[in-house]
Every structure is written in C-alpha cells, then in structure tokens.
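Okay, everyone, thanks for coming. Let me put the structure up on the screen, and then I'll walk you through a few corners of it.

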Amino acid sequence: MHIKKIKIPIYEGSLTIINYKDFEEINKYFKGQEFEPSLETSNASVLYFEDKLHICFEGNPDPGIIAHEAKHVVNSIFKEIQMELDLDNDEAECYLLQWIVNQIHKFFKEKNKQL
C-alpha cells in the first residue's frame, strides 16, 4: 500500500491519497469501517475517516477514474466550507480540481518510480 498525505492550500485541511492492492489491505487500514459506497465493490472512493479526507484507488486508475474521484474531493471540500458551486463563475472549483488531479498524477508517478 502506498500512502501520501498532502496539505490542501487555501482551503486548509489535508487529503490522504491511498493506493492499495486489494480490499483486505484497505480494510485493515480503515480498521474494518463499513464503507459507503463500498470499497469492496468499487476500485476507487472518497471518504472521511477519523474526520480526515481520503481518496483511495485500487491498482492503477485510468485518467477518467482520477478525474471522477477528484471531483468528489472538490465537492467534499466545498461542502465542508459551505461554499456553493457557481455555474457562472467556476474558476475556484476548476483550479482546485486541477490541483487535486495534478497531485494524484504526481503521487502515481512517484509510486511507479519506487517500484
């Protein structure tokens, strides 16, 4: 399992990126917490654990899965700070999404160099 905790600029808080091999491995990390949606049936998920934001990927996700889960992270952050999405002025949302996607790609590039 590969794990990296990163500080979220401007919005504060942190995001933990996790890449795991199988459900048993991630289940041990989260101490048997029941997942919704279940990581047992999905290869990626965003969740809060012990009041911390985590984004979890099984194996090597494709760019679409990374973007999909990154958008969930953006929504979680905005919900946490009670910021509403604005369809006419979405620059803050797009910059945050871009930063999260870049952090995930950087995480996987570093992980793959270690292998």
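Let's start with Ile 10, which is exposed, with a relative accessible area of 79%. For that word, buried means under 20% relative accessible area, exposed means over 50%, and partly exposed is in between, using a 1.4 Å probe and protein chains only. Before going on, a word on what you're looking at: this is a predicted model, where local features need pLDDT of at least 70 and side-chain atom pairs count only at pLDDT 80 or more, while totals for chains, interfaces and linings use all residues. Residues are numbered from 1 along each chain as its sequence is written, and side-chain values use heavy atoms, with hydrogens and water left out.

Back to Ile 10. You'll find Ile 10 in the loop between strand 1 and strand 2. When I say helix or strand, I mean DSSP runs numbered from the N terminus: H or I with at least four residues for helices, E with at least two for strands. Now, what is the phi of Ile 10, given that it is not a glycine? Positive, at about 65 degrees. As background, most residues other than glycine have a negative phi. Gln 82 also has a positive phi, about 60 degrees, and is not a glycine. Gln 82 sits in the loop between helix 2 and helix 3, and it is exposed, with a relative accessible area of 74%.

In that loop between helix 2 and helix 3 (91-114) there's also Met 83. Met 83 is partly exposed, at 34% relative accessibility. Which residues does Met 83 contact, once you leave aside its neighbours within four places in sequence? Tyr 11, Phe 78 and Ala 92, where contact means heavy atoms within 4.5 Å.

Not counting residues up to four places away in sequence, Tyr 11 touches Ile 77, Phe 78, Ile 81, Met 83, Ala 92 and Leu 96. For a distance, take His 72: it is 61 residues from Tyr 11 in sequence and 15 Å away in space, C-alpha to C-alpha.

That brings us to the aromatics. Rings of Phe, Tyr and Trp (its six-membered ring) pair if their centres lie within 6.5 Å; planes under 30 degrees apart are stacked, over 60 edge-to-face, and the rest tilted. How many aromatic pairs does that rule give? Five. One of them is Tyr 11 with Phe 78, a tilted pair at 5.7 Å centre to centre, with 45 degrees between the planes. Tyr 11 is in the loop between strand 1 (2-7) and strand 2 (14-20) and Phe 78 is in helix 2, so the pair ties together parts that are 67 residues apart in sequence. Phe 78 itself is buried, at 2% relative accessibility.

Then there's Phe 30 with Phe 49: their ring centres are 4.9 Å apart and their planes at 90 degrees, so this pair is edge-to-face. Phe 30 is in the loop between helix 1 (23-29) and strand 3 (44-49), and Phe 49 is in strand 3, so parts 19 residues apart in sequence are tied together by the pair. Are these two buried or exposed? Both Phe 30 and Phe 49 are buried. Together with Tyr 29, they form one aromatic cluster.

Next, the largest pocket. A pocket here is found on a 1 Å grid over the protein atoms alone: an open set of points where a 1.4 Å probe fits, with protein on both sides within 12 Å along at least five of seven lines, and lining residues have an atom within 4 Å of a point. The space in the largest pocket comes to about 180 Å³, a volume being the space filled by probe spheres set on the points, which are joined across faces, edges and corners. Strand 4 (52-58) and helix 2 (63-80) are the elements giving two or more residues to its lining. Among the lining residues are Tyr 11, Ser 14, Lys 52 and Leu 53.

Ser 14 belongs to strand 2 and is buried, at 16% relative accessibility. Its contacts beyond four places in sequence include Lys 52 and Leu 53.
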